[in-house]
Amino acid sequence: QAQGFATSRLKITFMTIESTAPAKPTSFSWRLYVPKSITVIAQEGYRFADFRADAVAGLTVAIVALPLAMAIAIASGTTPDKGLITAVIAGFLISALGGSRFQIGGPTGAFIVVVYGVIQQHGFDGLVLATIMAGLMLLAAGLLRFGDWIKYIPEPVVTGFTAGIAVIIFTSQLRDLFGLRMDNVPAEFIAKLEAFWGARETLAFPALAVALGALATIVLLRKYAPKLPGFLIAVGGAAAAVTFFN
């Protein structure tokens, strides 16, 4: 009798799970193309606490992403204003129209080598055309469900790609870290290091002090006051120090 009661409860549990599980779409539906921001606000609303959390997160991302966007634009062979405009427009569109609840968008160092090569060979107009073509390819990949194939990519490949991006971002900041005076910085890793070494005599200790001070502020705040926005405080303090000490 006890076994039969346990079996019946198990059946009821399975029935409950099946009845509450969302049905997978069997065909294309307009609901698949509704941005996540709209569905979340429609289902859960938007409170002041949500706005406060989003505002702090947005300021943190902006104060880090905007200077990085300008630096990446310079490293890619174009002007800082193009990187700034791209970060603002693309960041807004990604957040507003993205399909993920926790969408992250911003400049990526992995494209420095690609963008630099396109600009050198085909100019800025060629870069615009290549960007439009890439967007169409991404739309086609989404409609064909190519995203499901990501599970077949080995983890070492993903790890290596991520580590490569980290190296690119780190090396792209070395010129400003040491305050080196250089006009053109190569996009390739080895050539970039050689160029930095060639300009080592232009090292600026005030620039290095500002960078190390900002880094120390971030590390210390993350350890002793993790609730404070360390990036905002570090960048704001560095800007104030540069202005105050001329």
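This is a predicted model: local features need pLDDT of at least 70, side-chain atom pairs count only at pLDDT 80 or more; totals for chains, interfaces and linings use all residues.
Q: Hi! Where is the place of Thr171?
A: Thr171 sits in helix H6, residues 155–172. Helices here are DSSP runs of H or I with at least four residues, strands are E runs of at least two, and both are numbered from the N terminus. Residues are numbered from 1 along each chain as its sequence is written, and side-chain values use heavy atoms, with hydrogens and water left out.

Q: Thanks! Is Thr171 buried or exposed?
A: Thr171 counts as buried, because its relative accessibility is 4%. Buried means under 20% relative accessible area, exposed means over 50%, and partly exposed is in between (1.4 Å probe, protein chains only).

Q: And what does the side chain of Thr171 reach?
A: The backbone oxygen of Ile168, at 3.0 Å. That is a polar contact: a pair of N or O atoms within 3.5 Å, where, within protein, one must be able to donate a hydrogen and the other to accept it, and residues adjacent in sequence count only if both atoms are side-chain atoms.

Q: Zooming out, how many helices and strands does the chain have?
A: The chain has 10 helices and zero strands. Of its 246 residues, 17% count as buried.

Q: New topic: how many salt bridges does a search of the whole structure find?
A: One salt bridge turns up. The rule asks for a side-chain nitrogen of Lys or Arg within 4 Å of a carboxyl oxygen of Asp or Glu.

Q: Which side chains meet in it?
A: Those of Arg47 and Asp50, at 3.4 Å from N to O. Arg47 is exposed, with a relative accessible area of 56%, while Asp50 is partly exposed at 23%.

Q: What about aromatic rings, how many pairs are there?
A: The count is three aromatic pairs. In Phe48 and Phe51, the ring centres are 6.4 Å apart and the planes are at 40°, so this pair is tilted. Rings of Phe, Tyr and Trp (its six-membered ring) pair if their centres lie within 6.5 Å; planes under 30 degrees apart count as stacked, over 60 as edge-to-face and the rest as tilted.

Q: Where do Phe48 and Phe51 lie?
A: Both are in helix H3 (residues 48–75), three residues apart, which is about one turn of the helix. Phe48 is exposed, at 61% relative accessible area, and Phe51 is partly exposed, at 47%.

Q: Which residue lies over the face of Phe124?
A: Lys82 does, at 4.9 Å from the ring centre. A charge sits over a ring if NZ of Lys or CZ of Arg is within 6 Å of the ring centre and within 35 degrees of the ring normal.

Q: Now the loops: where is Arg145?
A: Arg145 is in the loop between H5 and H6. Its phi is positive, about 60°, although Arg145 is not a glycine. At 40% relative accessibility, Arg145 counts as partly exposed.

Q: And Arg181, where is that found?
A: Arg181 is in the loop between helix H7 (174–178) and helix H8 (189–198). With a relative accessible area of 72%, Arg181 is exposed. Arg181 and Arg200 are 19 residues apart in sequence and 8.9 Å apart in space, C-alpha to C-alpha.
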